[in-house]
Structure formats: structure tokens, C-alpha cells
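Here is a briefing on how the parts of this model meet. Have the sequence and the 3D view open as you read.

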Amino acid sequence: MEWRDTGILLSLRKHGENSAIVEAFTPEHGRHAGVVRGASSRKLGPVLQPGAQLDLQWRARLEDHLGSYTVELQRSRAAQAMGSRLALAGLNAVVALLGFCLPEREPHLPLYQRSEALLDLLGQDELWPLAYLRWEMSLLEELGYGLDLSSCAVTGAIQGLVHVSPKSGRAVSAKGAGEWADRLLPLPPVLRGEGAAEDADIIEALRVTGFFLESKLAPAIGTRPVPEARARLIDRLEQGLS
Amino acid sequence: MSSTKDIDALIEIMAKLPGLGPRSARRAVLQMIRKRALLMQPLADQMTRVAATARECLNCGNIGTADICDICAAEKRANGQICVVADVADLWAMERAGVFKGRYHVLGGTLSALDGIGPEELSIPRLIDRIEAEGVTEVILALSATIDGQTTAHYIADQLEGRVTLTSLAQGVPIGGELDYLDDGTISAALNARKSL
């Protein structure tokens with residue numbers, strides 16, 4: 001078995017003295033692991049940093065095997081990330097969430113394309129928070145927990161949408177909410193692509209997507225909690241406000 | 001085979017050491033047996049002594065043979081600077097260079113979502129206590145130029161902001177490094193950190 005693909009490095013776990021088990025997110029093979037020999041060498045050390053765009057060649061005797069990767073760097077994102085606290089927190093959140101959410105060896109091409117585009121924006125701190133919010137919404141959608149904010153789940157109205165149902169992820173208008181309003185999540189306009197998209201609005205919107213990550217997606221894929229890296233990104237954004 | 005049982009057991013233990021495999025462990029054991037008086041007995045004595053006395057410094061986390069390591073015990077190293085490193089191996093690397101004259105603080109790792117190492121697993125509260133207790137004026141973050149290393153550096157910087165001067169090691173072209181062989185991330189970091197001549 002052998003294939004060649006591009007991929008985003010998600011994680012690296014030491015394996016023996018010199019090798020590592022690397023997980024990469026690829027367009028055609030999804031989240032896929034493989035052993036990289038000599039991963040702790042001086043040559044490969046700087047290449048194998050989370051977020052790096054790699055040219056990957058995977059080989060194994062049988063498809064079920066872990067297999068081994070031959071890697072070549074296409075572009076490094078470490079330098080951009082290390083230059084900014086927000087970028088570093090963002091990179092950590094993206095790779096941690098992808099590693100957490102994605103099933104192994106299942107392609108998710110639209111999410112891959114969005115992830116690559118998002119990581120290429122690292123370092124552009126004024127654009128990044130909104131791009132991250134859009135990416136997180138697409139992550140939820142790709143994994144079956146997308147928010148439907150086009151119309152009210154109760155009345156069908158497309159105006160005056162101010163709530164999100166924590167059960168269905170659908171928008172609800174003030175009229176439709178009635179006496180249930182206090183049990184619904186707020187719907188920040190930025191989630192519908194409306195309003196000024198200030199950082200405070202984005203943080204509020206991330207609380208809504210965070211609710212669905214924590215209460216819907218995470219329990220569906222196992223017992224592990226959503227990675228801490230996401231909370232640290234939101235802390236970073238909040239610190240930027242003060 | 002039973003006559004070599006003890007020797008085989010020794011080879012098996014030696015083969016577990018970093019840098020040694022079964023073949024190199026066999027060679028090492030054979031060499032020690034040949035130089036029993038010169039090498040093996042002193043090594044065994046020294047290992048017994050170190051096994052009994054080696055411990056972590058209660059102050060900085062360095063490995064020494066006393067509760068407080070030599071660096072922390074030396075008055076002349078209390079110059080107001082603390083160099084924060086991830087691991088004892090990093091501390092020893094800094095000491096080999098012989099350039100830094102202050103004290104150290106060993107974190108015991110770096111933040112890592114994958115390995116489940118959060119801030120509470122690192123000795124950051126102890127670092128904060130030391131800053132107050134030892135009248136520290138500068139904290140030098142000597143952490144690896146990796147995503148995990150720099151995430152940890154920024155986390156510590158957030159915790160210490162306003163209390164003390166914070167600096168970190170420079171990143172860029174290593175001594176003897178040729179640009180042609182450097183990865184683009186290192187070149188980019190070096191360019192960002194360029195200085196006027």
C-alpha cells in the first residue's frame with residue numbers, strides 16, 4: 001500500500017528513541033497516522049511542528065497497518081505562529097480540535113480546505129478571530145452538528161432571530177421563543193454574518209459554538225473533554241478586549 | 001547458558017538506556033568485564049552512591065545529591081536572574097555553555113494538549129513564589145523553539161506580566177549554520193529578529 005498526499009501536521013508522539021508517530025490531516029485520506037523515522041533528528045525537528053504543511057508519502061504492507069511516512073516540508077507555519085500570542089493560541093486550538101474531532105482515515109475535503117486557508121491566515125490578527133469562528137461553524141457542520149440559522153424553527157420567520165435552540169441548533173425568533181426564551185442560547189448577529197464582528201461579538205459567538213462542541217459533539221465521539229487549547233484561545237481573545 | 005545469566009541480565013538492563021540497543025549494550029558489558037578493576041568496579045560503586053543520594057533540588061528542580069543543589073546554594077548566583085528551562089537536560093546544556101551566571105528554574109515539561117500536560121502539571125506556582133522570595137528582577141524564558149515550548153513561554157509570560165522583566169532566548173540562524181540548509185521557518189524567525197550592525 002502506498003499513497004502520496006499533502007497534509008497538515010496535527011500531532012507528533014515520540015516513538016522509541018528517534019522515531020515519532022505523526023498524525024496529519026490530508027485532503028484525500030482524512031486524519032491519518034504513520035511512523036516517521038528519524039523524527040527527532042536535527043533535520044526533521046524543525047519540519048515536524050504542528051501546523052506544518054507537508055508532502056507525505058505513506059507506505060505499509062497492509063492497509064490496516066500503521067505504516068510509515070516519508071515527509072517533506074512544503075511550508076512551515078511555526079515562525080508566523082510563534083511571532084504572535086494569538087496566532088500561537090489559534091494554531092494550538094485548530095490542530096487540537098481537528099485531532100480531537102476527526103475520525104481516522106475519513107476524508108473531509110471541505111473542512112480540509114477551510115483548515116488550510118485558516119492556517120494560512122495565521123499572523124493576521126485582525127482577520128483571524130472571525131475566520132476561526134467561521135471555521136468552527138464549518139467543523140460542526142462537517143461532523144453533523146451544524147447550526148441552521150436561516151429561519152425560526154418555530155414560526156419560520158427570517159427576521160428577528162435572536163436565539164439558538166440548544167437542542168436542534170436552529171435559530172429561534174423572539175416571538176417564537178415565548179416563555180422558553182430563558183432556556184435558549186443567544187444568537188449573536190455575527191453567527192449569521194451580520195453586524196460589525198467585533199472581537200466581543202466573536203467571543204459571544206464562540207460561546208455558542210462551544211456549547212455545541214461540548215454538549216453535542218464531544219459526548220458523541222467519546223468521553224474526552226474538548227481540548228483545553230480552545231479555552232486558552234478564548235482567554236487570549238478576552239485578554240485582547242481588556 | 002545459566003553461567004551467563006547474570007551477565008545477560010546486565011546486558012538487558014543496559015540495553016534499556018537511551019542510545020544503547022542490545023548489540024551496543026553487549027559491547028559495553030564486555031568492555032566493562034575486561035576492565036573490571038579500572039571501569040566496572042568504580043562504575044558500580046559510583047552508581048550505588050548516586051542511587052542513594054540523587055534527588056531533585058527542592059528549590060529549582062535540578063538534579064543533585066543534596067536537597068538544595070549547588071547552583072541554588074551558591075550566593076554569588078543570586079544576581080536577580082532566573083532562567084526558566086523545561087527539563088534538567090536543558091539546564092545542563094545551559095551550564096555547559098558557562099555563560100549564564102544566575103539561577104535556574106526547571107518546569108518539568110512544556111504545556112501539551114496531546115500529552116495532557118496542563119499548567120497545573122508544571123512548577124509555575126513555585127516559580128512565582130521564588131520571584132517574590134528571591135527578589136528576582138529578570139526571568140529568562142529558555143524554552144525550545146517549538147510550538148509547545150513557545151506556548152508554554154507565552155503562558156508563563158501572561159502569569160508573570162507586570163511582576164518582573166521577562167526575556168526569552170533569540171531564535172534564528174545557529175552558529176555555523178548555512179542558510180541554504182535551513183528550513184524556511186528558521187529563516188523567517190531569523191529575519192524577524194534581525195538586528196542592526
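Two salt bridges cross the interface of domain 1 and domain 2 of chain A in this predicted model. A salt bridge here is a side-chain nitrogen of Lys or Arg within 4 Å of a carboxyl oxygen of Asp or Glu. Glu116(A) and Arg75(A) pair in a salt bridge through their side chains, at 2.9 Å from N to O.

**Domain 1 against domain 2 in chain A**
- Domain 1 covers 2–76, and domain 2 covers 79–147 + 187–241; the bounds come from an automatic or database domain assignment.
- Their C-alpha centres are 24 Å apart.
- Domain 1 of chain A puts 24 residues into the contact and domain 2 of chain A puts in 20, with contact meaning heavy atoms within 4.5 Å.
- About 1700 Å² is buried between the two domains, and carbon and sulfur atoms give 56% of that. Buried area is the accessible area (1.4 Å probe) that two parts lose on being put together, summed over both.
- Phe25(A), Pro27(A) and Arg31(A) supply 38% of the area that domain 1 buries against domain 2, more than any other three residues.
- Eight residue pairs, both at pLDDT 80 or more, are in polar contact between these domains. A polar contact is a pair of N or O atoms within 3.5 Å; within protein, one must be able to donate a hydrogen and the other to accept it, and residues adjacent in sequence count only if both atoms are side-chain atoms.

**Chain B against chain A**
- Each chain is represented in the contact: 22 residues from chain B and 22 residues from chain A.
- The area buried between the chains is about 1800 Å², with 56% from carbon and sulfur atoms.
- The rule finds three salt bridges across this interface.
- Asp158(B) and Arg236(A) form a salt bridge at 2.4 Å, N to O.

**Chain B layout**
- Chain B is assigned domain 1 (5–53) and domain 2 (63–196).
- The C-alpha centres of these two domains of chain B lie 34 Å apart.

**Confidence and conventions**
- Chain B averages a pLDDT of 91, and 98% of its residues score at least 70; pLDDT is the predictor's confidence in each residue, from 0 to 100.
- The model scores ipTM 0.82 and pTM 0.86.
- Residues are numbered from 1 along each chain as its sequence is written, while chains are lettered from A and ligands numbered from 1 in the order in which they are written.
- In this predicted model, local features need pLDDT of at least 70, side-chain atom pairs count only at pLDDT 80 or more, and totals for chains, interfaces and linings use all residues; side-chain values use heavy atoms, leaving out hydrogens and water.
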